[in-house]
Amino acid sequence: TKQKIFTKPKKLTFLVPCLLVAVNNLPFIPWINGANKFANIGVAEVLLFVFYCVLVGTFEEIIFRGVLFPSLLTCFEKSKKGLIKAMIISSLIFGVAHMVNLFSGAGIVETLLQVAYSSLIGGLCVFAFVKTTSIFSSIAVHTLYNFCGLLFNAEIGLGLGVSFDVPTIIVTIIIGVAVGFFVLFSLKNYSDREIDYLYKMLEYS
């Protein structure tokens, strides 16, 4: 089935809260306080890191939001209830897929936490895709989220290690809860016309 997922994003106002969550993944307060520092890097390292974030974000979005999510839509009734079921399940599968990190030496608690917040971010990305009807939106959210979160990572990013503090955690919780309510409210008011357009776009009418 040919799906029109690579279209120009619509209703970009719904993308703003998603991007806010992504940007907040950068620990600004520890950075300002000097706890998070950049390594001695060059242009090549910066470009390679940016390319990595774009590549991972694009690949995972095409797989999970461009292929898996539309496929799940066919398993449920064509309605808001069916749409939400597909969104939730695709997000959970995205989160559980991060269990693979156990094989790379990550701890169980660390991995379970990653599964939890990855499921939430997966939900945010599929929301961005559904509301703007474009895979480019979820790619932008995913890429920016990874970029901000991995920027100070000593192994993958450009820093000497990531440090968090209580104010950062509090701000993250506040933004997360606020955007969560925004997403739920937006889905509650998701019209039948929007559902019909989404299914038509994905050619699952």
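**Core and helix packing**

Me: Which residues touch the most other members of the largest nonpolar core?
Reply: The model is a predicted one. Its largest nonpolar core holds 33 residues, and those touching the most other members are F69, L83, M87 and V130.

Me: Which element gives the most residues to this core?
Reply: The elements that each give two or more residues are α1, α3 (43-73), α4 (80-96), α5 (108-132), α6 (135-150), α7 and α8 (192-201). With eight residues, the element that gives the most is α5.

Me: Leaving aside neighbours within four places in sequence, which residues is V130 in contact with?
Reply: V130 is one of the residues that touch the most other members of the largest core. Once its neighbours within four places in sequence are set aside, its contacts are F69, L83, M87, Y190 and L198.

Me: Are helices α1 and α7 roughly parallel or roughly antiparallel to each other?
Reply: Helix α1 (residues 15-24) packs with helix α7 (residues 166-188) at an angle of about 160°, their axes lying 10 Å apart. Angles over 145 degrees count as roughly antiparallel, and the two helices are therefore roughly antiparallel.

Me: How many residues of the contact of α1 with α7 are nonpolar, polar and charged?
Reply: From α1, the residues P17, L20, V21 and N24 meet V171, T172, I175, V179 and F182 of α7. Divided by kind, the residues of this contact are seven nonpolar, two polar and no charged.

Terms used. Residues numbered from 1 in each chain as written. Predicted model: local features only at pLDDT ≥ 70, side-chain atom pairs only at ≥ 80, totals over all residues. Heavy atoms only, no water. Axes fitted to C-alpha atoms, helices over the stretch in contact; angles between N-to-C directions. Helix = DSSP H or I, 4+ residues; strand = E, 2+ residues; numbered from the N terminus. Parallel < 35°, antiparallel > 145°, perpendicular 65-115°, else oblique. Contact = heavy atoms within 4.5 Å. Nonpolar A, V, L, I, M, F, W, Y, C, P; charged D, E, K, R; others polar. Core = buried A, V, L, I, M, F, W, Y, C linked by side-chain atoms within 4.5 Å. Buried < 20%, exposed > 50% of the residue type's maximum accessible area, 1.4 Å probe, protein only.
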